[in-house]
Amino acid sequence: IGVIGLTGSGKSTLLKLINNLLDAKEGIVLINEEDIHSFNKEDLLNKFGFVDQSTSVLKGTIKSNLEMGKSYEINDLLESLRLSGLEPTEDFLNKELVKGGLNLSGGQRQRLNIARALIKKPQVLVLDDVFASLDNQTQQLIKNNLLNLEFKPIIFVASSTINSMDFVDKVLVIHQGKIENFIDKESVLE
C-alpha cells in the first residue's frame, strides 16, 4: 500500500500510528479488527519492520547493526544485505562503522536500515520515504526484491513522489492530515 501526499501532509504520522510508535489522540488503530493496544509491545516489535527517512547507524560492525542484540544465521544476514542492495559478503558484514555510520554513504546507511528491518522477516514492513536517498537503479532493485520476498509481508511505503509507487497495489492519498482517497495504483500513475 502506497501512502502519498505533500511534505507535512501526515504520511509519517499515519505510519507511526500503524506500528504503534505514536498513540492516537482520537479513535483507535485496529489490526485485524483488534485494538493495537491489546498486543504485547514485544510482539508488535517482532511483527513490524519499520524504516524511516532518517538513517540510524550505530558504531560497531555491519553485522552488529543488523543483529541489534539478537543472533541470526550468516545466510540470513547475507540475504538481508542482498535484498537491500548491499554487498552480501562476510567481509562487508565485518566492516567497522564509526558513530552514525559516517564511513558509509547516505544510500548505504538507508539500505542498511532496510536490511535491518528485513532480517526480522516481519509480517508488516513500513517504509517511510526510504527511496529518497537512493538512485533509480537501486530503488528498482529493492522494489523488485520486496515483491519477491518469500515471507510476503504487508508493505506500506510513504513518499511525496509518484515514482516510489510503481510497485504498490493501492495508494492512500493524504492531504492535510486526512485520507482523501484510496485508489488502485493505475489511477494514480495515469
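In which helix is confidence lowest, and in which is it highest? Colour this predicted model by pLDDT and select residues 185–189: this is helix H8, where confidence is lowest, at a mean of 64. Now select residues 74–83, helix H4, where the mean is highest, at 98. For the protein as a whole the mean pLDDT is 91, and 97% of the residues reach 70 or more.

**The loop between H1 and S2**

Select helix H1 (11–18) and strand S2 (30–31); the loop between them holds valine 29. Asparagine 20 is found in this loop too.

Start with asparagine 20. Its phi is positive, about 65°, although the residue is not a glycine. Is asparagine 20 buried or exposed? Asparagine 20 counts as buried because its relative accessibility is 10%, and the cut-off for buried is under 20%.

Go on to valine 29. Next, show what surrounds valine 29. With neighbours within four places in sequence left aside, its contacts are Leu17, Ile18, Glu34, Asp35 and Ile36.

**The loop between H3 and H4**

Move to helix H3 (62–67) and select methionine 68, which sits in the loop between H3 and H4. Methionine 68 is not a glycine, yet its phi is positive, near 45°. How accessible is methionine 68? At 43% relative accessibility, methionine 68 counts as partly exposed, because that class runs between the 20% and 50% cut-offs.

How values were computed:
Residues are numbered from 1 along each chain as its sequence is written. This is a predicted model: local features need pLDDT of at least 70, side-chain atom pairs count only at pLDDT 80 or more; totals for chains, interfaces and linings use all residues. Side-chain values use heavy atoms; hydrogens and water are left out. pLDDT is the predictor's confidence in each residue, from 0 to 100. Helices (H or I, at least four residues) and strands (E, at least two) are DSSP runs, numbered from the N terminus. Contact means heavy atoms within 4.5 Å. Buried means under 20% relative accessible area, exposed over 50%, partly exposed in between (1.4 Å probe, protein chains only).
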